[in-house]
Amino acid sequence: MTHSLHRLGQKDDLKNDYVILAMLAANFNDKAPNARKKMVKIGEIMKNNNPVNIMTEKAWRISSVISATFDNKMDVKNVLKELKEADLGISIVVEGLINEIKDLANELELNLDSVHLSLGNFGKKELLAPENILEITSMCGHHCISPQSVQYYIELIQKEKISLEKAAEKLAKPCVCGIFNTKRAIEILKQLI
Amino acid sequence: MKIIEERCIGCGNCVIICPVQAIELVDNKAVIDKDICVECSVCYRNANCPTNAIKPSRLKWPRVVRNPFSDVISIHKLTGIPGRGTEEMKTNDITNRFKDGEIGFSIEIGRPGVGTFLKNVNYFTEQLTPLGVEYEEKSPVTALLKEDKLEIKEEIEDERVLSAIIEFKVPIEKVKQVLKIIKSVEVKIDTVYTVGVISKFKGGNEIPIKNVLKSEGFELRANAKINIGLGRKLIEDT
């Protein structure tokens, strides 16, 4: 799906928010020998480079997709460098600030294939949750995180019944893809309490 | 989804977690509004119901169509992948689905977090189909269009889903017409939609469609998804 596209936030916040996704191409390389082994290798590379969130290891072994979230450009660079060197032949997509990814591509001598741009939200926008709540909920690409759960955890934090870290962890739970940036969520929650 | 009333203790966990606000407490019991529920299973998997009162329903046609458009774990028969969409540009370095001079669109109705009736697809398809757009064959939405591709099949038009993605491509010359259609639906539709535009990079990692979008008054977000070109058609056994 459009997955990690349409993550909301200001440019400065998005500097700390990258999603890397690996995907098998149906009928091209998904049935190839060693395809699964290579997906697991990708999962390991992602895991070894400080992701703030990552799809479960169980999913690496069954899913056509592996994704992980990073909070800085250097870790993303290291993942891409290792993936290029490993030369596994599996498609890799990076979501983040366009200019930052282009810079990385130049440094690592990558020939970018294609881009999926976001034109944003349209239609009856009065139905949307407030912008700062959407910055949190839009980090789950399938929109499994409810706006009222964000409000619920804000109240618990204000009453000192839960820590910021625990609240971000709880909010991330419905996002099975591992693309919810818990560190960024903590920063947004700080502004909201 | 259903709540077993005699088990429910009214803790409200499911009310908080429901992404489409379909659950409320009535006389201290959780009640699901079946018209609003999109069968996403988020409450079942994540509410931590202390009495296991939330149970999946055995869905019948046409209601069953709600699940693959809403449940992240559900794998659609056509796409073979989890989620509501297709591989789109994510594997384009291998599939070459979007070629030079072609522009892809993803119009996701109901996103972010509002939901939609499937009939809202018609606002777009009734204008896009006469334009001659090439719909993505593997898209679940394409599979549910009538034969003339002008409208969604009648028996499912009142089904509500978390989001439905119309995926198609056009030659770059038709982009302006598509953008006009996207704008025209804003005043008719009763929900929200997001729009994504897919383009191949040109030499020097340039994005050829950028200026067209800007000249038509569309504001580009600073972040995007980029296929970095590491995929290959075959993976040799090593």
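Me: Which residue of β11(B) does Val94(A) stand opposite?
Reply: Happy to look at this with you, bearing in mind that the model is predicted. Strand β4 (residues 91-97) of chain A pairs with strand β11 (residues 223-227) of chain B in the antiparallel sense, over five bridges. In β11(B), the residue facing Val94(A) is Ile226(B).

Me: Which element of chain A gives the most residues to the side that touches chain B?
Reply: Let's start with the contact itself: 72 residues of chain A meet 71 residues of chain B. By class, the chain A side divides into 38 nonpolar, 24 polar and 10 charged residues. With 10 residues, the element that gives the most to this side is strand β5 (residues 114-123) of chain A.

Me: Is Asn132(A) buried, exposed or partly exposed, and why?
Reply: Good one to check by counting. Asn132(A) lies in helix α6 (residues 131-137) of chain A, and leaving out residues up to four places away in sequence, it touches Ile188(A), Gln191(A) and Leu192(A). A residue is buried at 20 or more other C-beta atoms within 10 Å and exposed at 12 or fewer. Because Asn132(A) has 14 other C-beta atoms within 10 Å, it is partly exposed.

Me: How many residues of domain 1 of chain B are in contact with domain 2 of chain B?
Reply: Chain B is divided into domain 1 (2-58) and domain 2 (75-215), and their centres, taken over C-alpha atoms, are 32 Å apart. On the domain 1 side of the contact there are five nonpolar, no polar and one charged residues. Five residues of domain 2 of chain B take part, and from domain 1 of chain B the number is six.

Notes
Residues are numbered from 1 along each chain as its sequence is written. Chains are lettered from A and ligands numbered from 1 in the order in which they are written. This is a predicted model: local features need pLDDT of at least 70, side-chain atom pairs count only at pLDDT 80 or more; totals for chains, interfaces and linings use all residues. Helices (H or I, at least four residues) and strands (E, at least two) are DSSP runs, numbered from the N terminus. Two residues are in contact if their C-beta atoms, placed from the backbone, lie within 7 Å. Domain bounds come from an automatic or database domain assignment. Ala, Val, Leu, Ile, Met, Phe, Trp, Tyr, Cys and Pro count as nonpolar, Asp, Glu, Lys and Arg as charged, and the others, Gly among them, as polar. Two strands pair if DSSP finds at least two bridges between them.
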